[in-house]
Structures are given as structure tokens and as C-alpha cells.
Amino acid sequence: MNNDKTCHPETLALHYRIDNSVTRPVATPIYQNSAFSADSPYFYTRKSNPNSVELEGALAILEKAEHVISTTTGMSALNLVLQLLHPGDHLVVNKHIYGCSYKLFQRHAEQYGLKLSLLDLSCEEGQELIPADVAMIILETPTNPFLKTVPIRKIAELAAARNPACLIVVDNTWATPLFQKPLENGAHISLASATKYISGHSDVMGGYIAVNDENLAEELRQTRFYTGAILDPHSAWLLRRSLHTFPLRMREHVRVTARLAEFLQPRPEVAKVYLPEVDGEQLRDYGGILFFQLQPELCRRYSEFARALTLFDTGTGMACVSSMVAQPWSGSHASMTTEEKLAMGLDEGLVRLCFGFEKPEDLIADLERAFTSLTSG
Ligand SMILES: Cc1ncc(COP(=O)(O)O)c(C=O)c1O
């Protein structure tokens, strides 16, 4: 602080600061600034900021990772990882995947001359097709849609036998770092959309990448710095705040989802309920979102069903405090062509339910009313 009383009041007011070396806030405040003094380790918020660093440290503990790199969104985390590839590289993607991720890979492969293969890595036939020149495998487990689980360690071993330098990338958004730690299971990179369960309140966007390898972390940090993909301080602060209740929220998601799955399974309007296989090792628990398939005769009546619900909001939001209903066909996978969606096994009768913290009995009554309106109409 400049105390030179010969300066004008305007100049002194400009330089006035509280003494930051003696403040002791119990929660880290928001560092809503772009620049730091030259002797600060933070330098410039596009490179690093106390709020993103604190969030990254907390996420690293949960992911059991040496390094976490926070990003603006889940998509920007995926995009940063794609920058690790070079023209001619072979990218393998598990065929059940979020629609926008699929589109990003397809566009990136076209633009930068990558080979792109879609395989079903949840089954042996697909696993055997992993090519000899594979450079990177990106997979979700459980998958969006259908919540299929992919054995991370097995995929890592199969890929390493073909190319020891192959990077295994797991999108951990749906399992969350509470229930699945991909790096412990042989993945090189675990990434996620923090917009979902980490935020948990549908009010902030973010993403992150977790790695153990120092060189990989440095490369990703450099790309983030040059492309400006770092999470802003306010979002980082909000996400760090949300992390305090993250395990509590997840436990309630698990409880509500189990109760609702029990209700849905025997319903005559439901052909199948999709939930992941919780093996207790790779995936330790699961909750929050399930899919169900409407009976063939009701397949075209999703909109009526969704309209009849009063406690489930419609739209792309998910993993938050209140429940949501969505149709992957017209929502999360809308950017794919009809042929691409059908090839994934997706049709208009697949429904996604995200459960919030309403009383399960109220959600059940709401669903019961909506089912009855379909069959009595
Ligand atoms: C599995 C998965 N990965 C990545 C994303 C992208 O995350 P974001 O919306 O934060 O960019 C989503 C979004 O729904 C997702 O479901």
C-alpha cells in the first residue's frame, strides 16, 4: 500500500488495501482478480488463481490424483485432452457416449486428420477390435445413455499390449469421484463435467481433468493457459463450496434412486430399467440418474408423459436438488443423426430420470399419475 501523503486523495484511494497478511477467513474468499503482483505464485488468472487451485486440490483428493486441472466446462476438459493427439493418431471411443462428446470427437478427427473408431468396449467382441495403432481411448463408465459399465483396467491392459503409449481417458461425470477413481483402475486421465454432481445445484458450469503424470499435467496446463480454458474464480469458488456437501448429496441420490428403481421395475408401462452394475470395486455405488424404456406401444408418447409430470422439470439439466425428466433422443443426443442414434441403440422411447431430493413417495405418486394418464387416455 502506498502511504505517501503527498499523493492526491484519488491516487491514495486507488492504492488503499486492507492488510491481507493478517486476515484469517474461515472460508477462502473469491479472488475476483485477473492479475497478481509479480512476486505472487499466481501470476495471472488465465494461468492460475487461488480459487481454482483450492478446488483442484480438493478434487485431487477425491480422485486420488496427483494433479487436477480445472476447466470452464466438461466439454472444454474433453477438448483439452484431444489436443494431446497428433494428425494421423488413432482415437478409439466407446460407442455409448454423450451426444456432444461424440460430435466433438467427430469434428476434431475430421479437422485434424485423426482416425476415429467407435467400439462397444463394454463387451469382449468390441474389446478385441481395439486396433494395434491405438493412441487414445476415451470412454464413459457408466455410459450415457444405458449406464453400461466398461472395465477400465481390462481396457488399459488390452490397449497397453497393442501400444504401451496409448492413453486411457475416462469420463467420470456420472460415477463421480466419490464412487469411482479411474486413475486407481489403470486410466491415465480421469475427467468430468463439474456442472453435474460436483455443482449439484444447476447454477454453475465447470469441468476438470485429473492425472498422475507430471509431464501430462504440465502439457494440459500449458494448453489451458494458451487456449484460455481455465475455470473463472467465481465458478471455482461456487464449485468448491458445493464440494462441502457433495458426499451428503450423493448418499441421498443413491437412496432416492434405489427407491424409484424399485417402483419403476414392475410397472407395466416400462419395458426395461437401466442401472449400472455396481461391482463394489471399480464402481462402489451409484445414484442420481436412471433410464427406462417405455413399452413399444408407448414409445411415441414421451411428450405426453413428460407434460403430465408436475415434480420433474424438463430439459438438459441434471444431477441437482430437484428432479428432471428428459428424452435423450431429442435432448442429450439431439446433435447426432438419426442413423447414429439408432446405431447406438437409442430410440424415442428411452426416458432419462434424474432424481433430486423430493420425498420419494411424492415422486412415485407423480410418476404413477403420469403413467395412468398415458394408459387411460
Ligand atoms: C458424460 C458427460 N460428459 C461431458 C459432458 C459435458 O459437460 P458440460 O455440459 O459441463 O460441458 C456431459 C454433459 O451432459 C456429460 O453428460
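Here's a quick tour of the fold, the ligand shell, the domain contact and a couple of local spots. Keep in mind that this is a predicted model. The chain splits into domain 1 (50–243) and domain 2 (246–376). A ligand sits in a shell of 15 residues, and seven strands make up an open sheet with mixed pairing.

**The seven-stranded sheet**

- Reading across the open sheet, the strand order is β1-β7-β6-β5-β4-β2-β3, and the pairing is mixed.
- The edges belong to β1 (67–71) and β3 (115–119); each has a single partner strand, so one side of each has no neighbour in the sheet.
- From one strand to the next, the twist averages 20 degrees.
- At the β3 end, β2 (residues 90–94) and β3 run parallel and are joined by five bridges.
- For a handy landmark in that pairing, look at His 90, which stands opposite Lys 115 in β3.

**Around the ligand**

- Which residues are the closest to the ligand? They are Thr 73, Gly 74, Met 75, Ser 193 and Thr 195, out of the 15 that surround it.
- By residue class, the shell around the ligand has nine polar, four nonpolar and two charged members.

**Where the two domains meet**

- The centres of domain 1 and domain 2, taken over C-alpha atoms, are 25 Å apart.
- Contacts between them involve 30 residues of domain 1 and 32 residues of domain 2.
- On the domain 1 side, the elements giving two or more residues are α4 (99–112), α7 (176–179) and α9 (233–243).
- Helix α4 provides the largest share of that side, with four residues.
- The domain 1 side that touches domain 2 divides into 16 nonpolar, eleven polar and three charged residues.

- Is β12 (residues 350–354) buried or exposed? Five of its five residues are buried, so the strand is largely enclosed by the rest of the structure.
- In a regular strand, side chains alternate between the two faces of the sheet.
- Both faces of β12 are covered: Leu 350, Arg 352 and Cys 354 are buried on one side, while Val 351 and Leu 353 are buried on the other.
- Strand β9 (residues 289–294) runs antiparallel to β12, and five bridges join the pair.
- Within that pairing, Ile 289 has Cys 354 of β12 as its bridge partner.
- Strand β11 (residues 324–326) also pairs with β12 in the antiparallel sense, over three bridges.
- Here the bridge partner of Ala 326 is Arg 352 in β12, and Arg 352 is one of the buried residues named above.

**A closer look at Ala 308**

- Ala 308 is found in helix α11 (residues 302–308).
- What does Ala 308 contact, leaving aside neighbours within four places in sequence? Its contacts are Arg 369, Ala 370 and Ser 373.
- Ala 308 and Ala 370 are 62 residues apart in sequence, yet their C-alpha atoms are 5.0 Å apart in space.

Technical notes. Residues numbered from 1 in each chain as written. Predicted model: local features only at pLDDT ≥ 70, side-chain atom pairs only at ≥ 80, totals over all residues. Pairing = 2+ DSSP bridges. Axes fitted to C-alpha atoms, helices over the stretch in contact; angles between N-to-C directions. Near = placed C-beta within 6 Å. Nonpolar A, V, L, I, M, F, W, Y, C, P; charged D, E, K, R; others polar. Domains from an automatic or database assignment. Contact = placed C-beta atoms within 7 Å. Buried ≥ 20, exposed ≤ 12 C-beta atoms within 10 Å, placed from the backbone.
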